[in-house]
Amino acid sequence: MLTGAGMSAESGVPTFRDAQTGLWANFDPMQLASEEGFRANPSLVWDWYASRRDKMRAVQPNAGHVALARFAKQHPGRVGIVTQNVDDLHQRAGSEGVIRLHGDILQDTWLERGRCTPSCDMARAVPGSPPRCAACGNLVRPGVVWFGEMLPADALAQAESLAERCDVMLVVGTSGSVYPAAGLAHRARRAGAKVMIVNPEPSEIDDEAHVLLRGTAAHLLPALLDMN
Ligand code: APR
């Protein structure tokens, strides 16, 4: 299972590239989702993520998240979920062991990764926009993967291994425009898996699909996965 922003759209979380409604239709991704952008204007970026966090805390998993969590429980050890999403809606729906390729918006981390000493304590960071380390002044940044940054190596390795071992890869709600995540469908197909795509619109990886289902996550996943 590979999910993208469309998985959370019906929960009220905006996608990135949908025309008009997508975040990148209204904001400059390099200004807001890159290390350079953060260094250039830390408070603008911090406040933008803070507002997204508040929105994500206020929404609920949709019927698609719930159907997937239930299906995984009915088939223990048979379902792996890889997500590009930085929200926690899969987890709040009850899905376990979700592999997060692009980080977690509800987690903080330090800007200067290698600079911290034992006296650097995130919990005692000096409040501000963004907060900073009380011991060394290191800035706090959201725990997400920004453009130009490497994905967490362990998460990517787990995702690639799942893609190579799965019988069916269900791809839901991604434009397939961001690599290496988008490459997982090709990897699965090449390894002999059947690839199914759920998306109301064409995506950049439709050619990898054996089955294309034109519809939304909250409508199609319950129909597809509800065994009762
Ligand atoms: N159900 C299923 N799919 C949907 C729905 C829905 N309700 N609504 C929209 N979609 C589809 C769109 O048609 C689009 O193809 O979801 C896709 C969303 O694509 P993007 O906005 O590009 O999101 P995603 O593919 O997850 O982006 C990948 O890019 O900006 C970065 O790091 C960010 O993880 C993100 C990555």
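Helices and strands are DSSP runs, of at least four residues in state H or I for a helix and at least two in state E for a strand, and they are numbered from the N terminus. With those labels, Thr15 is found in the loop between α1 and α2 (23-26) of this predicted model. Buried is taken to mean under 20% relative accessible area, and because its relative accessibility is 9%, Thr15 counts as buried. Although Thr15 and Ser175 are separated by 160 residues in sequence, their C-alpha atoms lie 9.8 Å apart in space.

**The chain as a whole**

The secondary structure of the chain comes to ten helices and eight strands. Its radius of gyration is 18 Å, close to the 17 Å that the globule rule gives for 228 residues, so the chain is as compact as a globular protein of that length. The C-alpha trace spans about 55 × 40 × 30 Å along its principal axes, and 45% of the 228 residues count as buried. Among contacts between residues at least 6 apart in sequence, 62% join residues at least 24 apart.

The chain carries 22 positive and 25 negative side chains, with the centres of the two sets lying 3 Å apart.

**Helix α6**

Against which elements do the buried residues of α6 pack? Helix α6 covers residues 63-74, and its twelve residues reach 16 Å from the first C-alpha to the last, close to the 16 Å expected at 1.5 Å a residue. The buried residues in α6 are Gly64, His65, Ala67, Leu68, Ala69 and Phe71, and they pack against α1 (6-9), α7 (89-92) and α10 (217-225). As background to that pattern, an α-helix has 3.6 residues a turn, so residues three or four places apart point the same way.

Most peptide bonds are trans.

Conventions. Residues numbered from 1 in each chain as written. Predicted model: local features only at pLDDT ≥ 70, side-chain atom pairs only at ≥ 80, totals over all residues. Heavy atoms only, no water. Rg over C-alpha atoms; globule rule 2.2 N^0.38 Å. Buried < 20%, exposed > 50% of the residue type's maximum accessible area, 1.4 Å probe, protein only. Contact = heavy atoms within 4.5 Å. Lys, Arg positive; Asp, Glu negative; His and termini not counted. Charge placed at Lys NZ, Arg CZ, Asp CG, Glu CD. Expected span 1.5 Å × (residues − 1).
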